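Me: Please examine the sequence and structure shown here, and then answer a series of questions on them.

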Amino acid sequence: MTRKSGESIPLSIKISNYVPYLLLLPTLAYMLFFIGYPLVEGVALAFFDEQGHFTWANVNYLLYDPGSLFWDALKYTILLAAVIIPIQVSVAFGLALLFNAKFPGKNLALYTVILPLTISDVAAGLIWYVMLGQYGFFNKLLMDLGVISHPIIFFGIKNMEFLAIVMTEVWRATAIVFVIIFAGLQMISHEYYEAAEVFGATTWQRFRYIIFPLLLPSLQAALIIRTLFAFQIFGVVWTLAGRDIPVLAGEAYYAQTTLLRPGVAALYALIIAALSVSVGAIYIKFFKAKYLEAGM
Amino acid sequence: MSNEKILTSRGDIIRYYTYRIILAGLVIIAVVWIALPFIMTILYALADPAQYYDPHVIIPTSYTLKHVNQLLILGAYQATINSVIVALITIGFSFLIGLPAGYAFARYRFRGKDSLKLFIVALRMFPMMVIAVPLLVLYFKLGLADTLVGIGLAHTSMALPFVILITSSIIAGVRVDYEEAAMVFGLSRIGAFFRVTLPLALPGLTAAAIFTFIMSWNEVFIAAVLSFQNRTLPAFILNLIAGSTDFIKFAGAFIMVIPALIFVFIAGKYLVRMWGITLK
């Protein structure tokens, strides 16, 4: 396909140079209109009044109004992430190792474990509301077994609501982490294990020197995705605790639908975005971006 | 691995069975942990209230559809239809826009491809909920506020990065030789795509559509902000539960859980693969 200079290029080839860009054009236009523009509009909502003058009104409300739960919301959003993510990653890691073994009924077990991925966070919250209620399954079972004499009250008490949220989130979103790690685990070639066996490696050595290092990119990807999703936590908290446990997205929703202050809601949204982007950037810088491109 | 080895000594046999028993125990714990809340929610949502409030009845024996019916009449029926419409709109738009982009990534080399792809990969992690509030301002101007099309368009921007990544991976899995062979025999590139690549990619694309459906079906924040009357099911339930009885909440959980069970048993295998592709 070498071409001498000056020789005319066939039209079809000329056009095909533009084709991929043409194919991508609708996507980029859509993104610009539905993500780029709302971001700009969001800044306008948060920092400008209706006449287009710059205003600190929304920031002041967030920081100083007695009705604002901003600092609590920030605290609980980060605290929930800090408690939930380590549990999820360890449980998911254990599950992935478990499902890497062969056993009868494996597919059925696999589908069951990923079930929580197909329901909304509102549904997950309600499911655990059923489980943990005063007359819920959990309390009835423990009372009938004689473990407790009075039902454990979860709802209406802040610390217990926090516990209920943690239990629900671990149950709901561990599957996402599991799927990522499991996919990574299945990509590890069996030749490595066989080689390790030939050289008489113990189970621990196999884990430490083969599985763990080869799984590191998947673990990192899972960690990033889970952290970024954690900043958006909303449905589970809203159904189980309402504003008892304020979180950033919940406060945004409250400001928008109850206070009818879109400026405050937009400000919360921007804070979530800023938090996600900066934590994402830190992670990527920390872990290097290699795996982001790998295999995709 | 260990079960392929020939067991020789008694110690080996004991170790083998201990391993099998621990493995089975852990699998059972995991399955029960995930499945039990689903099962109990379904049972308790349909339980007779008298049995529910009896502390000694752990597994109810008499059931009623009263609360589920009540919820359906309150608006959950219409909300379910709305959710399906929004999800179909989302599938339609995100495939119309995303499939060409997926094809471009799978079949062409071009300047800036890697950065563009990295941009899409990064975008799928962007918290899309932040567009909801400003989008509503725009929707008021465009007459899209509180419409299903409006929610569908917003869900499309959420689903688009996923659809592009999935379709590009599926199309890349269809051998380019077939497409080239079709072109040698006189089909245009577009013709080759529609008559060769698309049919071969169809099972994967169907799974991708189900994946998109689930994403839209489950999204609550954007839907709840963009609608006031024409709510999707999660947005409707979210709004309703604030002031309703426990049984209405249980019924809400029941109505939202049933489709999930159906999805997984229709497309479980594909879904595991989809999540593998998009979340990697």
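**Contacts, core and chain architecture**

Reply: Leaving out residues up to four places away in sequence, Leu142(A) touches Val147(A) and Ile148(A), where a contact means C-beta atoms, placed from the backbone, within 7 Å. This is a predicted model, in which local features need pLDDT of at least 70 and side-chain atom pairs count only at pLDDT 80 or more, while totals for chains, interfaces and linings use all residues. Residues are numbered from 1 along each chain as its sequence is written, and chains are lettered from A and ligands numbered from 1 in the order in which they are written.

Me: Does Leu142(A) count as buried, partly exposed or exposed?
Reply: Leu142(A) is found in helix α7 (residues 137-144) of chain A; helices (H or I, at least four residues) and strands (E, at least two) are DSSP runs, numbered from the N terminus. A residue is buried if 20 or more other C-beta atoms lie within 10 Å of its own, exposed if 12 or fewer, and partly exposed in between, with C-beta atoms placed from the backbone. Because Leu142(A) has 14 C-beta neighbours inside 10 Å, the residue counts as partly exposed.

Me: How far apart in space are Leu142(A) and Val264(A)?
Reply: In sequence, Leu142(A) and Val264(A) are separated by 122 residues. From C-alpha to C-alpha, their separation in space is 44 Å.

Me: Which residues have the most contacts inside the largest nonpolar core?
Reply: A nonpolar core is a set of buried Ala, Val, Leu, Ile, Met, Phe, Trp, Tyr and Cys residues joined through C-beta atoms within 7 Å. The largest such core has 173 residues, and those with the most contacts inside it are Ile181(A), Ala269(A) and Ala132(B). Both domain 1 (2-52) and domain 2 (66-279) of chain B give residues to this core, so it lies between them; the domain bounds come from an automatic or database domain assignment.

Me: Which residues of helix α5 (residues 132-142) of chain B are buried?
Reply: What covers the buried residues of α5(B) includes α2, α12 (248-257) and α13 (262-287) of chain A together with α6 (148-173) and α9 of chain B. After α5(B) comes Gly143(B), whose phi is positive, near 75°. The buried residues of the helix are Ala132(B), Val133(B), Pro134(B), Leu135(B), Leu136(B) and Tyr139(B).

Me: Which helix gives the most to the side of chain A that touches chain B?
Reply: In total, 80 residues of chain A are in contact with 77 residues of chain B. By class, the side of chain A that touches chain B has 61 nonpolar, 13 polar and six charged residues; Ala, Val, Leu, Ile, Met, Phe, Trp, Tyr, Cys and Pro count as nonpolar, Asp, Glu, Lys and Arg as charged, and the others, Gly among them, as polar. With 15 residues, the greatest contribution to that side comes from helix α2 (residues 19-47) of chain A.

Me: How far apart are the C-alpha centres of domain 1 and domain 2 of chain B?
Reply: Chain B is divided into domain 1 (2-52) and domain 2 (66-279). Their contact takes six residues from domain 1 and eight residues from domain 2. Helix α1 (residues 10-45) of chain B supplies five residues, the largest share of the domain 1 side. The C-alpha centres of the two domains lie apart by 34 Å.

Me: What is the radius of gyration of chain A?
Reply: Chain A has 14 helices and zero strands. The radius is taken over C-alpha atoms, and the globule rule is 2.2 Å times the number of residues to the power 0.38. For 296 residues the rule gives 19 Å, and the value for chain A is well over this, so the chain is more spread out than a compact globule. The radius of gyration of chain A is 25 Å.

Me: Which element of chain B has the lowest mean pLDDT?
Reply: pLDDT is the predictor's confidence in each residue, from 0 to 100. The mean for chain B is 87, and 95% of its residues reach 70 or more. Among the elements of chain B, helix α9 (residues 221-226) has the highest mean, 94, and the lowest, 79, belongs to helix α11 (residues 246-279).

How values were computed: Two residues are in contact if their C-beta atoms, placed from the backbone, lie within 7 Å.
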